[in-house]
Amino acid sequence: MSTPESVITAVERHPKTASRYLIFVDGQYAFTVHEDVLIKHRLLRGEQVEPERLRLVMEDEEQQKAWSEALKQVGRRPRSEKEIRQYLKRKGYLPPLIDRIVQRLKDQRYLDDADFAAQWTEQRIYSQKKGRRLIKQELQLKGVAPATIQQTLNQVPVDEEQRLAFELASKKWKVTSGDVMDKKRKTAAFLMRRGYSAQIVGNVIRKVTETFREESEGTDDADLWDWPEA
């Protein structure tokens, strides 16, 4: 591309991206680099750009670009290591570079599968009211290690998961047609699809059936949260 005699004749700030610069060699546009790469390699007007130097510049520019793209991904929402690796691979980066970017993200605490699993679980449990069985499957697809998944799910109180399942079941019960058996069957199937365990589903269905029967009979149950054993 260039010869030992090639010289940088102009350096101009990119018109749309302040952190990037246009490099002109021998009077013609040659390439664009990030500001960090510009400073590292002293790409100043009058500097020679022999082939070996240009190769190093391009390597660092590719790494800088991969780093910036990875940062944007983790900035939008927490990501697992597998997600970042898959994203960079789709963008065309090679495994050695992906390894470097992932390690840098981990070193700077932008990437941590344990933190990711904890945030993912909390959001699914409380915002979406999903059961741990479904959450486990989702974390497995995200590439989180089995031990990390188990440790994360162990932090979720069973009675809290059961309480949320009851809230969900109550809403489902109210809008479900049919007799009591139909409501029980449809509500149970709904909870199973949401990822709740058979034990929690059994407990919740008994409690929601009892609750709505007592409401229809005008009975005040003081022990609403005294869950029966499955």
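1. Two strands are taken to pair if DSSP finds at least two bridges between them, and strands here are DSSP runs of E with at least two residues, while helices are runs of H or I with at least four, both numbered from the N terminus. In that sense, the bridge partner of Val 25 in β3 is Gln 28, and β2 (residues 20–25) and β3 pair in the antiparallel sense over six bridges.

2. This is a predicted model, in which local features need pLDDT of at least 70 and side-chain atom pairs count only at pLDDT 80 or more, whereas totals for chains, interfaces and linings use all residues. Residues are numbered from 1 along each chain as its sequence is written, and side-chain values use heavy atoms, with hydrogens and water left out.

3. The chain has 10 helices and three strands, and along the sequence these follow the pattern β-β-β-α-α-α-α-α-α-α-α-α-α. Its radius of gyration, taken over C-alpha atoms, is 29 Å, against the value near 17 Å that a compact globule of 230 residues would have; the globule rule is 2.2 Å times the number of residues to the power 0.38. Along the principal axes the C-alpha trace spans about 95 × 35 × 25 Å.

4. The three strands form an open sheet in the order β1-β2-β3, with antiparallel pairing. Its edge strands, β1 (8–13) and β3 (28–34), each pair on one side only, and the twist averages 25° from one strand to the next. Strands β1 and β2 form a hairpin with six residues between them and are joined by five bridges; in β2, Tyr 21 is the bridge partner of Arg 13.

5. Helix α2 (residues 51–76) lies across β2 and β3, and runs at about 45° to β3. Here axes are lines fitted to C-alpha atoms, for helices over the stretch in contact, with angles running from 0 to 180 degrees between N-to-C directions; contact means heavy atoms within 4.5 Å.

6. Helix α2 also packs against helix α4 (residues 95–107) at an angle of about 50°, with the axes 10 Å apart. That angle makes α2 oblique to α4, given that angles under 35 degrees count as roughly parallel, over 145 as roughly antiparallel, 65 to 115 as roughly perpendicular and the rest as oblique. The contact is made by Glu 62, Gln 63, Ala 66, Trp 67, Ala 70 and Leu 71 of α2 with Leu 97, Arg 100, Ile 101, Arg 104 and Leu 105 of α4. By class, the contact of α2 with α4 has seven nonpolar, one polar and three charged residues, where Ala, Val, Leu, Ile, Met, Phe, Trp, Tyr, Cys and Pro count as nonpolar, Asp, Glu, Lys and Arg as charged, and the others, Gly among them, as polar.

7. The axes of helix α5 (residues 113–127) and helix α7 (residues 146–153) come within 10 Å and cross at roughly 45°, which makes α5 oblique to α7. Asp 113, Ala 114, Ala 117, Ala 118 and Thr 121 of α5 make the contact with Thr 148, Thr 152 and Leu 153 of α7.

8. For helix α8 (residues 158–174) and helix α9 (residues 180–193), the axes come within 10 Å and cross at roughly 135°, and the two helices are therefore oblique to each other. Residues of α8 including Leu 168 and Trp 173 meet residues of α9 including Phe 190 and Leu 191. By class, the contact of α8 with α9 has seven nonpolar, one polar and four charged residues.
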